[in-house]
Each structure stands twice: as C-alpha cells, then as structure tokens.
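Hi,

Here is the model we talked about handing over. Please look through it first; my notes follow below.

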Amino acid sequence: MTINLNNVDFYFDKRKVLSDVSLDITSESTGFLGPNGSGKTTLLKIFSGLLKIKHGEIDVNNKGIKKYSSNDLAKLFAFVSQDYEPTFGFSVEEVIEMGRYPYLNKFGFMNIDDKKVIDKIIELLSLNSLRKIHTDELSSGEKQKVRFARALVQEPKYILLDEPTSNLDLSNKILILDVIKDIISFGTTLIITSHDLNFIKQSTKQCFMISDGVIQNSGKTKDILNHSNIEKLYKLDSLPDWVL
Ligand code: ADP
C-alpha cells in the first residue's frame with residue numbers, strides 16, 4: 001500500500017498552500033505534524049481525491065489517482081474530519097450505516113454482509129449501548145467514536161484522521177489510541193494529522209513535518225520527533241522539556 005506525490009503544488013484561488021510536495025507514504029501508520037494552516041488537512045483531502053490537483057502527480061498503489069472512479073476512491077479512503085457535521089437527529093446506528101454507501105446496490109439496500117460488517121464494528125468500538133441514541137445527545141468523545149465507526153464500515157484501505165484527538169479528554173484519547181491499534185491490526189493503513197506530538201509519537205511509525213505548505217522533514221517517527229526538529233518546525237528558540 002503506497003501513496004506517492006511528485007512535485008505537487010496546490011492553490012486555493014491564487015494562494016499557494018502547498019509547494020512542490022514530493023513524498024512516499026509506505027508505512028502502516030503515518031503522521032503529519034505542523035502548525036495551524038500549514039497544509040495538513042489539504043493534503044489529506046488531496047490523497048482521498050476530495051480536492052483535485054492541477055500541478056504534479058499522485059499515484060495510489062502505483063496507479064494515477066485520476067484513473068480511479070469516485071466509487072473506487074470511496075472504497076479506498078475514508079476521511080474522518082474534525083469539523084462539526086450536523087446529523088439531523090439520526091441515531092448512532094443510522095450514521096454508521098451511512099459508511100456502507102459505496103457497497104449498496106442500485107436500490108440502496110443493505111444485504112446481510114453489510115449488516116455483519118456494521119455489527120462487527122459497533123462491537124469493536126463498544127457502541128452497542130448507544131445504537132439507538134440520537135448522535136446530538138453524545139459527548140464529543142462518543143461522537144468521535146461514531147465517526148470512526150462510520151469510516152471503518154466503509155472497509156477502506158486507508159483511514160485519514162484529521163486531528164483525531166482535538167476535543168477529547170484523556171480517557172477518550174487513550175480509547176482512540178487503542179482503536180487505532182485495532183484498525184492497524186485489520187490491515188488498514190492510517191494517515192493522521194495532529195498538533196499533538198505525543199499522540200503522533202504513540203500512534204505512527206512514519207512522520208512528515210510540514211510548515212507553510214513545505215515538507216520540512218521526514219523519516220521514522222522515532223528518529224525525527226526530537227527537540228531540535230520541533231523547535232525548527234514551530235520556529236521556537238527553545239522547547240520546554242515537558243512538551244516531548
Ligand atoms: P492545517 O490542516 O495544517 O491547519 P489546512 O490544510 O487546513 O491547514 O490549510 C492550509 C491553508 O489553506 C491555510 O492557510 C487555510 O487558511 C487555507 N485554506 C484551507 N481551506 C481553504 C478553503 N476552502 N478556501 C480557501 N483557503 C483555504
């Protein structure tokens with residue numbers, strides 16, 4: 001499972017937000033670390049085909065991204081956003097079922113296999129007791145678990161997690177780390193953006209540091225996540241010991 005970017009530039013209107021990005025994602029768990037506005041979310045949206053590039057090349061599993069249909073891309077990638085999404089009074093179960101849409105027949109019905117996948121993921125994330133609850137009534141950690149579940153029932157090859165720990169308290173962060181380990185054990189590749197250095201350290205093997213749309217550093221997370229690289233990334237004179 002690989003994603004390769006070659007010389008990718010990306011613009012919002014005329015503003016360049018990614019500059020000459022070339023990278024190879026080869027690990028089962030990859031992190032993107034960088035200040036706010038550095039281009040992390042934009043990259044995730046480009047990987048999944050939600051944003052189309054005009055400059056540069058992207059290959060997913062050695063095939064140009066443009067050769068995939070939108071349904072192929074929905075089976076390959078699930079994007080878990082940090083943004084608030086209105087769920088219009090749907091129950092937990094209904095929101096999770098929405099993740100199966102790339103697999104439904106032309107009448108939009110689920111079959112027994114779809115239901116089995118949904119049950120398995122609900123069990124994995126311990127969401128059984130919340131199945132019939134309206135998602136508006138959930139805590140932020142529970143909402144995050146529901147978004148994960150919806151992504152997992154999509155059975156994607158890649159799960160793209162945008163700031164998965166924002167708004168989570170410690171117990172939910174620990175739970176999400178456990179879920180991430182389960183996801184990897186399923187053979188799903190994870191790509192995570194975060195400002196949370198410790199979370200990136202715990203949850204990823206490969207890391208890219210990005211600032212102002214430029215990749216500053218890359219390598220094994222355990223090798224590059226050190227004080228000197230973090231100081232450069234965040235343009236700090238010195239990093240207090242407690243940060244990492
Ligand atoms: P990060 O995820 O690292 O915080 P983003 O990828 O969200 O950064 O944003 C990169 C830059 O692109 C920022 O300057 C942001 O303001 C800008 N940007 C993001 N989305 C849009 C959009 N839809 N329209 C215009 N500018 C955008």
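How far does a backbone N or O atom of S38 lie from an oxygen atom of the ligand? The distance is 3.1 Å. That falls under polar contacts, meaning pairs of N or O atoms within 3.5 Å. (Within protein, one atom must be able to donate a hydrogen and the other to accept it, and residues adjacent in sequence count only if both atoms are side-chain atoms.)

First, the ground rules. This is a predicted model, with local features needing pLDDT of at least 70 and side-chain atom pairs pLDDT 80 or more, while totals for chains, interfaces and linings use all residues. Numbering starts from 1 along each chain as its sequence is written, and side-chain values use heavy atoms, without hydrogens and water.

T42 uses its side chain, with a polar atom 2.6 Å from an oxygen atom of the ligand. On its own, the ligand has 560 Å² of accessible area, and the protein covers 60% of that (Shrake-Rupley method, 1.4 Å probe).

Two elements give two or more residues to the shell: β2 (15–25) and α1 (40–47). α1 gives the most, three residues. Helices (H or I, at least four residues) and strands (E, at least two) are DSSP runs, numbered from the N terminus.

The surrounding residues are F12, R15, V17, P35, N36, G37, S38, G39, K40, T41 and T42, each with a heavy atom within 4 Å of the ligand. By class, the shell has three nonpolar, six polar and two charged residues. Ala, Val, Leu, Ile, Met, Phe, Trp, Tyr, Cys and Pro count as nonpolar; Asp, Glu, Lys and Arg as charged; the others, Gly among them, as polar.

Largest pocket

Its volume is about 420 Å³, the space filled by probe spheres set on grid points joined across faces, edges and corners. A pocket is an open set of points on a 1 Å grid over the protein atoms alone, where a 1.4 Å probe fits, with protein on both sides within 12 Å along at least five of seven lines; lining residues have an atom within 4 Å of a point. Of the 22 lining residues, L50, F77, F79, Y101 and Q154 are closest to the centre. β6 supplies the largest share of the lining, four residues. Ten lining residues are nonpolar, six polar and six charged.

Overall fold

The chain has nine helices and ten strands.

Best wishes
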